[in-house]
Amino acid sequence: MSKRPLCFGGGLQQKLLTEKKRNEMHEMSYILRIVRLAERTAAENSLEKIDAVEIAVGEMTGLVPEYLTRYYPEAARGTALEGSELVIDYVPVRARCENCGAEYAPSRENRYCCPVCGSPRAKVLAGREFELVRITGE
Ligand SMILES: [Zn+2]
């Protein structure tokens, strides 16, 4: 059996695989960043009571939404966000082939290559997000 090279520089796969090995502190540092940003944004918009904080999390960040949700109350404690809900929009990876222009979701099944022409050269269109989308409150 010959070993076929991995497309997408193998980098994406690496990222997706290491996701399982990481420790959970990774999520905590990200969630603290969002809490600080949301607090600042809330203050700028004169929001005193925040009901929900919506964020976009791309698959390529390797972040696990379940952990983000779990750590959120702790990170939000003592801030204007205490008691609010964290809403996560999980964004799967989308890529556009630089050879034929096809859009696809890189995965183990297509070996992170274009499923139409097999080219490894692709531009990531979505999946890197870690952004504040919206804050709901009054
Ligand atoms: Zn292609």
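Leaving aside neighbours within four places in sequence, Leu68 is in contact with Glu27, Ile31, Val57, Leu63, Leu86 and Ile88. Contact here means that two C-beta atoms, placed from the backbone, lie within 7 Å. This is a predicted model: local features need pLDDT of at least 70, side-chain atom pairs count only at pLDDT 80 or more, and totals for chains, interfaces and linings use all residues. Residues are numbered from 1 along each chain as its sequence is written.

Leu68 is also part of the largest nonpolar core, which has 18 residues. Such a core is a set of buried Ala, Val, Leu, Ile, Met, Phe, Trp, Tyr and Cys residues joined through C-beta atoms within 7 Å. A residue is buried if 20 or more other C-beta atoms lie within 10 Å of its own, exposed if 12 or fewer, and partly exposed in between. Ile31, Val35, Ala38, Val53, Leu68 and Tyr72 touch the most other members. Helix α2 (25-44), strand β1 and helix α3 each give two or more residues to this core. A second, separate core has 8 residues, among them Val93, Tyr112, Cys113 and Ala122.

Now the overall plan. The protein has 3 helices and 6 strands. Helices (H or I, at least four residues) and strands (E, at least two) are DSSP runs, numbered from the N terminus. Along the sequence they follow the pattern α-α-β-α-β-β-β-β-β. Of the 138 residues, 25% count as buried. Take the contacts with a separation of 6 or more: residues 24 or more positions apart account for 74% of them.

Helix α2 has 20 residues. From first C-alpha to last, α2 reaches 29 Å, close to the 28 Å expected at 1.5 Å a residue; the expected span is 1.5 Å times one less than the number of residues. Which residues of α2 are buried? They are Glu27, Ile31, Ile34, Val35, Ala38 and Ala42. These residues sit on the same side of α2, because they cover an arc of only 110 degrees around the axis. The arc is taken from the directions from the helix axis to the C-beta atoms. An α-helix has 3.6 residues a turn, so residues three or four places apart point the same way. The cover over the buried residues of α2 includes β1, α3 and β6. The face turned away from that buried side carries the exposed residues Met25, Ser29, Arg40, Ala43 and Glu44. Just after α2, Ser46 takes a positive phi of about 55 degrees.

Next come the strands. Two strands pair if DSSP finds at least two bridges between them. Strand β1 (residues 50-58) and strand β2 (residues 85-91) pair in the parallel sense over 7 bridges. Gly58 has Val91 in β2 as its bridge partner. The chain crosses from β1 through helix α3 (residues 65-76) to β2, and this β-α-β crossover is right-handed. That is, with the strands pointing away from the viewer, the path from the first strand over the helix to the second runs clockwise.

An open sheet of 3 strands has the order β4-β3-β5, with antiparallel pairing. Its edge strands, β4 (103-104) and β5 (122-126), each pair on one side only. Strand β3 (residues 94-97) pairs with β4 over 2 bridges. Ala95 stands opposite Tyr104 in β4.

Finally, Glu129 lies in the loop between β5 and β6 (130-137). Is Glu129 buried or partly exposed? Glu129 is partly exposed, because 16 other C-beta atoms lie within 10 Å. Not counting residues up to four places away in sequence, Glu129 touches Ala56, Val57, Gly58 and Val91. Its C-alpha atom is separated by 9.8 Å from that of Asp89, 40 residues apart along the chain.
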